[in-house]
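Welcome! Please open the structure in your viewer and follow along, one selection at a time.

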Number of protein chains: 2
Amino acid sequence: MTEFTDPDLQERIRPVPLQQAYRLLNTGATVLVASAHAGRRNVMAAAWNMPLEFSPARIAVVIDKSTWTRELVEASGRMVVSVPTQRIADLAFAVGSRSGRDGDKFEALGISTMPAAEGTPPLVAGCCGWLDCRVLPEPHVQQAYDIFVAEVVAAWADARVFADGKYRPLEQIAPLDRTLHHLGAGRFVVPGAQIEARPA
Amino acid sequence: MTEFTDPDLQERIRPVPLQQAYRLLNTGATVLVASAHAGRRNVMAAAWNMPLEFSPARIAVVIDKSTWTRELVEASGRMVVSVPTQRIADLAFAVGSRSGRDGDKFEALGISTMPAAEGTPPLVAGCCGWLDCRVLPEPHVQQAYDIFVAEVVAAWADARVFADGKYRPLEQIAPLDRTLHHLGAGRFVVPGAQIEARPA
């Protein structure tokens, strides 16, 4: 389990119960996929993701065959899926515009990470939630559709954004701390209103 | 191919080229899944969905084993995935709160549909996009994870919301015509701002 050494992070970044981790992805935000293997690490953006199951907590992410992330994830069986906020929109787009094969993106783009347990892929700062995942090997759908199914083994959220197992009411979340929903080509929509449906 | 008999719909609801259909789902909106088989029909909400491939246009949707939609989709191999707007938020929540086994939801909830080709599941009015899909049978992931992989065989969009193969700039889309992103329990966030990332 990750323990943050920075007291400010300890206060702000809190564990999320696994059965509520799906809620971090439920609104369809773009995520970052961080990976690490044999001393190398990478991060990519993935608009194509979804929850799969509450308990055990499972998610699916599409990871294209051409990506270096795919090699690292297949080799390590591990990925950290994080939910970037508007604060790092430029970075969320930039990590999709270059390959980690050409050099460490964290260094090239000055990406801040938070201390994590040995062997865990990096936790990217400026996100509002992080899901540490173990890939469930499913060779056929990985090969045929680029679908990676994973089980969430730990999750954390920024308490300014997500607390008590759910996103705070939107009006309590500063615009810069809101999630990114990718239209394409670096254009995103950001939540601006929260509504509650009336029962039929 | 669906041809709308209502001249107003002909003007507003336009075909979307298949290779751009994924953009309707790219921002992670909640969708409705309509199904029909042997004279019966149903519709459910599905926050858990994602694009899979540009061309051939493919998507994935999670359809729980307990749902009647699942029976109809498995029997027919067909579903229409549509993208509801804030205009029908109450309905998008209501269709998830009852089962079609207990009676036709379209009648019970007064859901308006648009004329579609013979055999096509209903196109729900009040949506901004519709993807007519054929299920690609994948028994293992259907059984293990409730994942349904489908190929989009036709798509349409409301030209007030989505035109020239992409969503219009958000400021041109009336609030009631914007997409729904499910937080849970009938609470949704709705896009309120559009941003463009600056290249690194």
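This is a predicted model: local features need pLDDT of at least 70, side-chain atom pairs count only at pLDDT 80 or more; totals for chains, interfaces and linings use all residues.

Stop 1: Select Trp48(B), Tyr145(B) and Ile195(B). In chain B, these three lose the most area to chain A, and together they make up 17% of what that side buries. Now widen the selection to everything in contact: 51 residues of chain B touch 51 residues of chain A.

**Stop 2: polar links across the interface.** Show the side chains of Asp90(A) and Arg198(B), which form a salt bridge with an N to O distance of 2.6 Å. Across the interface of chain B and chain A, the rule finds four salt bridges. Polar contacts join 20 residue pairs between the two chains, counting pairs with both residues at pLDDT 80 or more.

Next, colour chain B by its elements. Those that give two or more residues to the side touching chain A include helix 3 (89-94), helix 5 (139-145) and strand 10 (147-158) of chain B. Strand 14 of chain B provides the largest share of that side, with 10 residues. Sorted by class, the side of chain B that touches chain A holds 31 nonpolar, 12 polar and eight charged residues.

**Stop 3: a strand pair between the chains.** Select residues 187-196 in chain A, which are strand 14 of that chain, together with strand 14 of chain B. The two strands pair in the antiparallel sense over nine bridges. Which residue of chain B is the bridge partner of Pro191(A)? Zoom in and you will find Pro191(B) in that place.

**Stop 4: a covered strand inside chain B.** Move on to strand 6 of chain B, residues 78-84, where seven of seven residues are buried. Arg78(B), Val80(B), Ser82(B) and Pro84(B) point one way from the strand, while Met79(B), Val81(B) and Val83(B) point the other way.

Strand 2 (residues 31-37) of chain B runs antiparallel to strand 6 and is joined to it by three bridges. Strand 9 (residues 127-135) of chain B also pairs with strand 6 in the antiparallel sense, over seven bridges.

Terms used: Residues are numbered from 1 along each chain as its sequence is written. Chains are lettered from A and ligands numbered from 1 in the order in which they are written. Side-chain values use heavy atoms; hydrogens and water are left out. Contact means heavy atoms within 4.5 Å. Buried area is the accessible area (1.4 Å probe) that two parts lose on being put together, summed over both. A polar contact is a pair of N or O atoms within 3.5 Å; within protein, one must be able to donate a hydrogen and the other to accept it, and residues adjacent in sequence count only if both atoms are side-chain atoms. Helices (H or I, at least four residues) and strands (E, at least two) are DSSP runs, numbered from the N terminus. Ala, Val, Leu, Ile, Met, Phe, Trp, Tyr, Cys and Pro count as nonpolar, Asp, Glu, Lys and Arg as charged, and the others, Gly among them, as polar. Two strands pair if DSSP finds at least two bridges between them. Buried means under 20% relative accessible area, exposed over 50%, partly exposed in between (1.4 Å probe, protein chains only).
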